[in-house]
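Hello,

The structure we spoke about is below, followed by short notes on what was found in it. Please read them with the model open.

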Amino acid sequence: MEEDTDFRIRFSSLCFINDHVGFHGTIKSSPSDFIVIEIDEQGELVNKASDKPVYNVSKVLLEPNSLAKKAKLDLQILSFEETSNQEVSTLAGSSSDDHNFVPCSEKEDTVRDRTSKGEEENVDVLGLLLDEKTNELLNQFACDIKEKWDSQTELIGPSPEFSLGRILDKNQRATLHSAIRQKFPFLITVGKNNEIVVRPNLEYKELCHLVSEEEAFEFFKYLDAKKENSKFTFKPDTNKEHRKAVHHFVNKKFGNLVETKSFPELNYSADSPSVVITVRFRVKAHKHWKRSLHECQGRKDIYTAFTLRKENLEMFEAVGFLAVKLGVIPSDFSYAGLKDKKAITYQAMVVRKVTPERLKNIEKEVEKKRMNVFNIRSVEDSLRLGQLKGNHFDIVIRNLKNQINDSANLRERILEAIENVKNKGFVNYYGPQRFGMGRKVHTDQIGLALLKSETVKAVKLFFTPEDLDDPVNRAKKYFLQTEDAKGTLSLMPEFKVRERALLESLHRFGVTEEGCIQAWFSFPHSMRIFYLHAYSSKIWNEAVSYRLATYGSRVVEGDLVCLDEDVDNEQLPSSKVHLVTEEEESANTYAIHQVVLPVLGYNIQYPKNKLGQWYQEVLSRDGLQTCKFKIPTLKLNVPGCYRKILKRPCNLSYQLMEDHGTDVKKEGSHIDEATLSLLISFDLDASCYATVCLREIMKHDF
């Protein structure tokens, strides 16, 4: 295959932020040298089961529609498998079975009315649903948590949990979730496989550090009630900094559900300028709750979650193979993110319309394809892209040596490079795998064609062959020469699931504009939008290079900065993005690690400096000056987002090794340094690339 010159130029022109010399080495010598493990939203590695202790009160499944029915209950520890599938239902969130659930039946409204009137009536409600012993144990669990918090005793080890057992009736579960959270706002309820587990609400404890416990108690009851057009008001406050802290807490934790505003107290006086913070639900949130409830009521789909381990396999190919074996289509699978091909990767997945038993039945067949499926269990809904905290990497870099004409000590170079990136970070480029490394046609080119509604061109780009004489590329070449979808289908190998799906649609609908639109729907939404994101990612890479070349590490007027350091990569709302003023530039108010750049979409703002003009020129260059980043015909919308230009690796550790695996001696070693290997481990936020981090460390393009 000819060298991918455009690709080489594109990535060799990227910037570095550190000034160390770096070193040479080889990554991905084998898939086992590059291990990627997804970190879920709770911060757990997906290749391991939860080991939190859970106090289980019942293994008996309560039958539906028997509120007063009592069950004999035994205190025991939940098994390893049962703790592996958990959906947290925060007080501002939902029950385990209905995401953003809002009770709407008369019976449930009565429960809410009664639980909001006082603790005694809450006890009666819980008494209807729980037997006496369970009720006592629940109260004791709540008292224990409260006493430890009141005594300033920190909870040591994993957070304690109390299980109410499995309850089959959805309405009973919803009522229990609500009743417990109304009575004990300092607790949260968790749903998993029809079971309800109770935990301490750490957000409640955090709020108690800012406001009185009475206010925290009532605030979380307000959140759980979800009464439309209702408001909650904190006590008057004269301290502006304290009010800012309360605003920050509420918006950080619950900003997608509520909004906060400050108003002068009714009895306002100039001598004592008290201000009150008022909280109210966002209108969109209520619409989403109602829609979700309706969808949940009408949905009968089965969802099975599992962890996928794959080795040296493209993710879309893995999904296609699983789809064939399970008799579903690729769009029935959902996942939080894409993973490398030449690696061993672990990621969470959910498949629709497949039972856990059915998935377990194909375990042996899957192993033949260098895949494993495990942690198999039922869940209530699919995954969405970005629904992860990040990824953990264990990487071996082999054949370490100095840069050309560098005679310094290799170990010192390695130590210097790692410490620099650990402290200063790396330029947060999208990695080459985002664009189809080494291919003639990159994914961003297909994305650009789709954005311009050139669906036929996009199909032909997809089928552009590489300079290889193998069955796949011969089939692609035949299609471009003949547009004979049926004939190409007979040539395309069975394992090329994406190509075959597209060809089957083209055979059915024709290689016309309309036919190609229908053909793209043979791909799941996450795959279709991937190509659009690839184009946006390419432009972002070019933008950050231009930004650093133009302004360096200075934060200048017109830059966009992130006001919330805790927001994950690409999860930054527009309300947390600030335009730097001339005064702020002069005062050095912000640091380079706070600077963000927009990833193209219909709902972003551009920098108000040379960068803003640069974006407009690039869009004009690519024929997108009037693009709205919405493609109704393909049901694709790209709102855009903001991405920090610099990121740091977390939990970084490393070890120098000889190739056969023994530690290199620190002192007096005369070993040939060319035989050294580096084992390096670190965590990165979602949508950050390990190869980009390594590029900064090594000062070496792969």
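K538, E542, R621 and D622 are joined in a network of salt bridges. A salt bridge here is a side-chain nitrogen of Lys or Arg within 4 Å of a carboxyl oxygen of Asp or Glu. By this rule there are 30 salt bridges.

This is a predicted model, in which local features need pLDDT of at least 70 and side-chain atom pairs count only at pLDDT 80 or more, while totals for chains, interfaces and linings use all residues. Residues are numbered from 1 along each chain as its sequence is written, and side-chain values use heavy atoms, with hydrogens and water left out.

Helices (H or I, at least four residues) and strands (E, at least two) are DSSP runs, numbered from the N terminus. Buried means under 20% relative accessible area, exposed over 50%, and partly exposed in between (1.4 Å probe, protein chains only).

*R199 and E161.* The closest N and O atoms of this salt bridge are 2.4 Å apart. R199 belongs to strand 8 (residues 195-200) and E161 to the loop between helix 4 (132-150) and strand 6 (162-166), so the pair ties together parts 38 residues apart in sequence. Both R199 and E161 are buried.

*E365 and K325.* In this salt bridge the closest N and O atoms are 3.2 Å apart. Because E365 lies in helix 12 (residues 363-367) and K325 in helix 10 (residues 315-326), the pair ties together parts that are 40 residues apart in sequence. E365 counts as partly exposed at 34% relative accessibility, and K325 counts as partly exposed at 35%.

*K353 and D332.* These side chains meet in a salt bridge at 3.5 Å, N to O. The pair links distant parts of the chain, 21 residues apart: K353 is in the loop between strand 14 (344-352) and helix 11 (356-360), and D332 is in the loop between helix 10 and strand 13 (333-335). K353 has a relative accessible area of 41% and is partly exposed, whereas D332, at 4% relative accessibility, counts as buried.

The last item is helix 7 (residues 213-225). Its 13 residues reach 18 Å from the first C-alpha to the last, close to the 18 Å expected at 1.5 Å a residue; the expected span is 1.5 Å times one less than the number of residues. Buried residues in helix 7 include E215, A216, F219 and F220, as well as K221, Y222, L223, D224 and A225. Just after helix 7, K226 takes a positive phi of about 55°.

Regards
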